[in-house]
Amino acid sequence: MCGIYGIVGDKAVEKTLQGIKKLEYRGYDSAGISFFNYEFKLSTDIPKYLKNISCFKNGLNIIREEGDISKLEKIINSLKPKSKLAIGHTRWATHGKPSIANSHPHHSENGDWVVVHNGIIENYIELKQELKGLKFYSETDSEIVAKMLSYNFDGDVLNTIKNVCSRLNGSYALAILYAKNPNKIYVAKSNSPCVVGYSKDIGIVCSDISSIEKIENLYVLPNQTIAEVSAGNINFFDYNLNKIELSKFSGFTIDSSEELGKYSHFMLKEINEIPTAIEKTVVDYNTIEKIRKSLPKKVIKNTKEILIIGCGTAYHAGLMGKRLLEEVCGIKTDVDIASEFRYKNYVPHKNTLAIFVSQSGETADTIKAVKLCKAYGLTTVAITNVKNSSICFEVDYCLYTNAGKEVAVASTKAYNCQVAMFYLMAAYFKAVSIDQDNLIFEEAKQLVDVAKQIKSNKINNICMDIAREIKDSKSLYMIGRTVDYYLSLEASLKLKEISYIHSEAYPAGELKHGTISLIDNDTFVFAFLTQKHLKDKTINNAVEVASRGGKVILFTNQKIENTNFYKIVNLPKLSEFYMPLLLVTYTQLIAYYTSVYLGNNPDKPRSLAKSVTVE
Ligand code: F6R
């Protein structure tokens, strides 16, 4: 999703370009940079790039390009603009298609104000109507901010920014340039993440705490804050323009796991990292002493019910969590999709623990759901993979998966770690209820063993074969019961998001209530069976499919006599309790290879973003 990077200091354009490249993993469809250079228009061969470049007499310039950042980089490299002030943006289209006109930075009519924006201005249509006589060149909600700044300018930059921001509904992180102050980036934030930093000769703004370059003084902006960023100094103001002090952020970590190494794609690398990621996650919480530091025992003792909330893959991990918490501890657990939960009439129960699952910790709907649960008076816990992400500042307690940075848009290793965390949590609840602290250690040991099994299970060839077989399918179904159904939801999402093959997950017993009419001789159906007590029922359902010509590929750890199936994938010996952690790796690899065989880029599926920061 959209990303912001900006620099005050030497080599601002080059550094800003590097900065927005670090944000690429979030997903985007166009990119742009604005910089201050009074000479630029005179010394360059602009006609070639007429449609990409806007130069204003006041010294502000904008270069924008649709598609990959490398295209923007090519223009910048050929023109080599010099500047000590630049802001850049990667855009993931929400309002208006991907195009140069809709790309950021956006500007006011005379170019005095230039703005990049993350988030959504919900009342932009209404605000547009107030700007009588102004022409709009884009379909975006963001252009309105640049236009409003110019329209409402009262001679005082900060006051104007404050007045404009107080009219905006929705969410925003804004980085703003004002042509007459070519040494400063102004930043305003409300409900979209933003960090700023400085050291002696540099000032930086970035939308993503894990992508900002290492800097001496780093600050996470709270909501309704304006920052005036210069090289060597930052001033902070609240929305009454009172100067405020913010505490320096000290938990700075640089993630160095962004190299592809021997792998052709990040997704393949990340699937191969699953065993290590599980081990690293588990080791941080493998004793009662460690886990209770992050989530005190008294919270566990007080909990009568659990509510788990997430989106997409994180929601699917939550379903696994439900199974574990109910099966191991007998605690009633509900699971909901964040964007649904927010608009439901939720009846809060006293002593409900709300657990939020989010790899990025930035998903707008999940964060809004946290706020809602806090308003209901619930205790809140996040399971997230990104230290100091926005969700960590919202919840009461945070548990970190230690999967390492996930660059591929489709989540893989983070999902396995989220599920591993639920195994540990279930053990924690059990340990507290029967007063046996060592259960955590036992569970952690089991999980490390499972990680070892995943590592030694060589499945590339099987998965490649299946990918080759299914790659030309128009549509595909995945079935299973209870935990196998939860697994099929994740398997189906992974396949469709990167292969673009339509796929649906169904509870195995539900198929004959309608959907089975879609099964014909060409339809592949993945049937998942990992639980002994479900054997007869799931097999019956798979046979029903096969009898209608469906090509059933059965993934199972059970002994199966029926040979009517198209293929049986025999899963290795492993306690059925842990089987989902292992089985999901097959489905992740099948999705990966299918995407590759179809000529897609599995790391950057069309239309998707790594962190979904709009609702
Ligand atoms: C799918 C995928 C998404 C995310 C979802 C939530 O592969 O990655 O479905 O799981 O967008 O994102 P987080 O976990 O960052 O809140």
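## Terms and model

A polar contact here is a pair of N or O atoms within 3.5 Å; within protein, one must be able to donate a hydrogen and the other to accept it, and residues adjacent in sequence count only if both atoms are side-chain atoms. The model is predicted, with local features needing pLDDT of at least 70 and side-chain atom pairs counting only at pLDDT 80 or more, while totals for chains, interfaces and linings use all residues. Residues are numbered from 1 along each chain as its sequence is written, and side-chain values use heavy atoms, with hydrogens and water left out.

## Domains 1 and 2

Let's start with the layout: the domain assignment (automatic or from a database) gives domain 1 (3-246), domain 2 (260-455) and domain 3 (460-597). Between the C-alpha centres of domain 1 and domain 2 there are 35 Å. Domain 1 brings 8 residues to their contact and domain 2 brings 11 residues, where contact means heavy atoms within 4.5 Å.

Together the two domains bury about 730 Å², with 58% of it on carbon and sulfur atoms; this is the accessible area (1.4 Å probe) lost on being put together, summed over both. On the side of domain 1, Tyr 25, Pro 193 and Ile 209 lose the most area to domain 2, together 56% of what that side buries. Across this interface the rule finds 1 residue pair in polar contact (both at pLDDT 80 or more).

## The ligand site

Now to the ligand, which 15 residues surround (a heavy atom within 4 Å); the closest are Ser 358, Gln 359, Ser 360, Thr 363 and Glu 497. For Ser 360, a polar side-chain atom is 2.6 Å from an oxygen atom of the ligand.
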